[in-house]
Amino acid sequence: MKLRKLKLPIVALFAVLFGFSTAHAVMEVEGRYWFTNLDSSFKSSSTSIIGTEIDLVNDLGIDDKKNFWEGRVSLNLGSSKLRYAYMPLSWSGSKDLTKSVVFAGKTYSASTKVDTELDIKYHRLGLEYDIIDTLGNKFGVIFDVKYFVIDASVKADALGFNESESVKAPVPTIGLAAQVALPFSFNVGAEATGITLGKGKYLFDGEVTVSVQPASFLAASVSYRMLKLHLEDGDDMGEIKLKGPYMMLRAGF
């Protein structure tokens, strides 16, 4: 009797999953490779000394072109999709300053060699709800939380300076997603999410995608994406803007 009671919910669970899988994969795993162009600046002040706004590329010699991978996992729940994404970002640069700058209360004079590192870990957890989902055409809303862990350091061995700043920023966002089916298993899609808390704090993450889906469980695409985060807190400021094309491969199970 106990075995029969146990079998019933298991059978029901497999029936539900099988019902989902006939129209959609229950789970999707997605890999991306992003060719980025960086435009970023920041300012770090101490209690009594206001920092200089520093351009990472022009002032500190960080390479503005670098490529990154991103992994995504999605769980389809009928008209809804639970999504998680993770992308590690990292830059470093070394340059003799052409002007004096102030970072975290320390003054770095012109001609000083400065070594810089910037590391960002980007987590994204959200829910997409498709209001329309028919014949490959979709339109839906996205609710998610983006979590940034940002570590920046500026070091000048000649001056004995080694200053660093860390920021952890959870950012709730809302957005829209759409897809239009085309002949020969192609489709065009776009999504954009963001939030603004006034001029000092805002986030935008948007992309346009052209995909081909040769089988129900496999898709590949080329896309263009822009991600911009701007944070101000008193006399401190940080802005990171990334844009560029990426390639994606997605498999469903």
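In which strand is Trp69 found? In this predicted model, Trp69 lies in strand E3, which spans residues 65-77. With a relative accessible area of 47%, Trp69 is partly exposed, because that class covers values between 20% and 50%.

Ala104 presents another setting, being placed in the loop that joins strand E5 (101-103) to strand E6 (106-108). The relative accessible area of Ala104 is 17%, and the residue is therefore classed as buried, the cut-off being under 20%. When residues up to four places away in sequence are left aside, Ala104 touches Ser44, Ser46, Glu163 and Glu165. Leu38, by comparison, stands 66 residues from Ala104 in sequence, and the C-alpha atoms of the two are 23 Å apart in space.

As regards confidence, the chain has a mean pLDDT of 88, with 90% of its residues reaching 70 or more. Among the elements of the chain, E10 has the highest mean pLDDT, at 97, whereas helix H1 (residues 2-23) has the lowest, at 44. Over residues 1-6 the pLDDT is below 50, and this stretch has zero contacts in the model beyond near neighbours in sequence. Residues 8-23 likewise stay under 50, with six contacts beyond four places in sequence. Where pLDDT is low, the predicted coordinates should not be read in detail.

How values were computed
Residues are numbered from 1 along each chain as its sequence is written. This is a predicted model: local features need pLDDT of at least 70, side-chain atom pairs count only at pLDDT 80 or more; totals for chains, interfaces and linings use all residues. Side-chain values use heavy atoms; hydrogens and water are left out. Helices (H or I, at least four residues) and strands (E, at least two) are DSSP runs, numbered from the N terminus. Buried means under 20% relative accessible area, exposed over 50%, partly exposed in between (1.4 Å probe, protein chains only). Contact means heavy atoms within 4.5 Å. pLDDT is the predictor's confidence in each residue, from 0 to 100.
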